[in-house]
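Me: I would like to learn how to read this structure. Can we take it feature by feature?

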Amino acid sequence: MRLTWLDIRTTTAKEAVLEEAVHQRLDGVVSDKLEELQQLPPTVKKILFPQGKKLPKDLGGADVVIVDPREHGSPAELAAVHPGVDFGRFVEIIDADSLEEACDSARTERWSLLLFRDPTKIPLEIVIAAAAQATGSLITIAQDAEEAEIIFGVLEHGSDGVMMAPAAVGDATALKQAAVVHTPALDLVELTVRATEHVGMGERACVDTCSYFREDEGILVGSHSKGMILCVSETHPLPYMPTRPFRVNAGAIHSYTLSRDGRTHYLSELKSGSKVMAVDVKGQTRLVTVGRVKIESRPLISIDAVSEDGRSVNLILQDDWHVRVLGPGGAVLNSTELRPGDRVLGYLPSEDRHVGYPINEFCVER
């Protein structure tokens with residue numbers, strides 16, 4: 001679970017920001033005033049962080065208290081005086097000594113709140129590695145939601161949580177979105193090929209991503225928003241050319257593919273930095289980043305397939321043997337060798353589309 005803490009200590013529009021934080025189900029709100037925390041519902045963790053201030057004698061109402069040992073004493077000493085209160089340590093990392101202090105905190109404390117003064121994420125990588133076997137939680141301070149997303153991805157594991165001070169209403173929502181990485185599994189179906197046809201010249205797009213694809217993984221592509229076929233990456237060996245495990249020869253530029261939040265994009269819209277959904281033969285998904293899209297004129301082949309319940313699916317690909325799709329069990333099928341009766345894997349979204357967003361409306365695609 002990626003934790004999201006909102007720091008309201010310097011926020012001006014606190015009432016609106018707190019309402020947003022509760023609505024977005026952020027994990028915690030951070031304040032240096034106990035009275036601000038007491039108004040929060042029990043669904044939000046109440047975190048007291050009296051940086052530069054004395055620690056109150058009565059800590060009732062706080063779920064977690066973050067202390068600076070130089071100002072307040074060590075978490076262990078304070079826990080002995082305040083039984084039942086969860087303490088954590090604040091560390092500002094500015095040099096090798098403070099980095100070692102952060103590593104020690106990560107290994108020993110229940111909560112470690114870390115502020116890295118330099119823009120590099122190498123010190124955070126070191127702390128994450130040092131805490132690999134620890135049971136405590138690392139919370140890293142971010143300046144904005146964009147940095148929060150980066151922090152969540154450091155060393156693939158990322159920080160356990162991010163604390164961010166909102167500059168305006170809407171920042172709590174952005175922080176929550178930065179923490180969400182789950183992409184839902186898809187219910188793939190088997191489609192039966194009805195016909196293939198050579199349809200002449202056109203532009204096709206190779207989607208080159210910044211990730212390695214697995215052998216049973218590709219992206220879903222289709223001519224219509226309600227039917228797509230799973231196109232495999234160039235992970236499998238081919239004659240005359242090296243493998244390119246980051247690439248999917250995806251199809252004609254008008255085609256749809258899936259991206260974030262169930263939205264579709266035309267292949268022609270993709271560019272460096274775009275997100276597309278990688279999908280394996282079991283329907284497991286993940287978002288990958290597009291590094292480049294190569295659009296070139298090539299001969300094209302049209303593949304028509306149908307689902308068991310009669311829904312039609314079309315895919316137009318580069319007309320070449322080395323362009324492949326995936327079939328049941330991860331079978332790799334050369335597109336130009338597909339024949340009526342062959343089975344391929346596909347996906348049948350139920351919604352129509354408006355500028356890529358799913359919407360229930362009357363729409364006919366042919």
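Me: How many cavities of 30 Å³ or more does a search of the whole structure find?
Reply: One. A cavity is a set of points on a 1 Å grid over the protein atoms alone, where a 1.4 Å probe fits but cannot get out. This is a predicted model: local features need pLDDT of at least 70, side-chain atom pairs count only at pLDDT 80 or more, and totals for chains, interfaces and linings use all residues. Residues are numbered from 1 along each chain as its sequence is written, and side-chain values use heavy atoms, without hydrogens or water.

Me: What is the volume of the largest cavity, and which residues line it?
Reply: The volume is about 40 Å³, meaning the space filled by probe spheres set on the points. Lining residues have an atom within 4 Å of a point. They are Val232, Ser233, Glu234, His236, Leu238, Asn249, His322, Val323 and Arg324.

Me: How do strands pair?
Reply: Through backbone hydrogen bonds, either parallel or antiparallel. Here strands are DSSP runs (E, at least two residues), and two pair if DSSP finds at least two bridges between them. Eight strands, β1 to β8 in order, form a closed barrel with parallel pairing. Within it, β2 (residues 28-31) and β3 (residues 45-48) pair over four bridges. Ser31 stands opposite Leu48 in β3.

Me: What describes a pair of aromatic rings?
Reply: The distance of the centres and the angle of the planes. Rings of Phe, Tyr and Trp (its six-membered ring) pair if their centres lie within 6.5 Å; planes under 30 degrees apart are stacked, over 60 edge-to-face, the rest tilted. The count here is three aromatic pairs. Phe49 and Phe90 have ring centres 5.2 Å apart and planes at 55 degrees, so this pair is tilted.

Notes:
1 Å grid on protein atoms, 1.4 Å probe; cavity = no way out; pocket = protein on both sides within 12 Å on 5 of 7 lines; lining within 4 Å.
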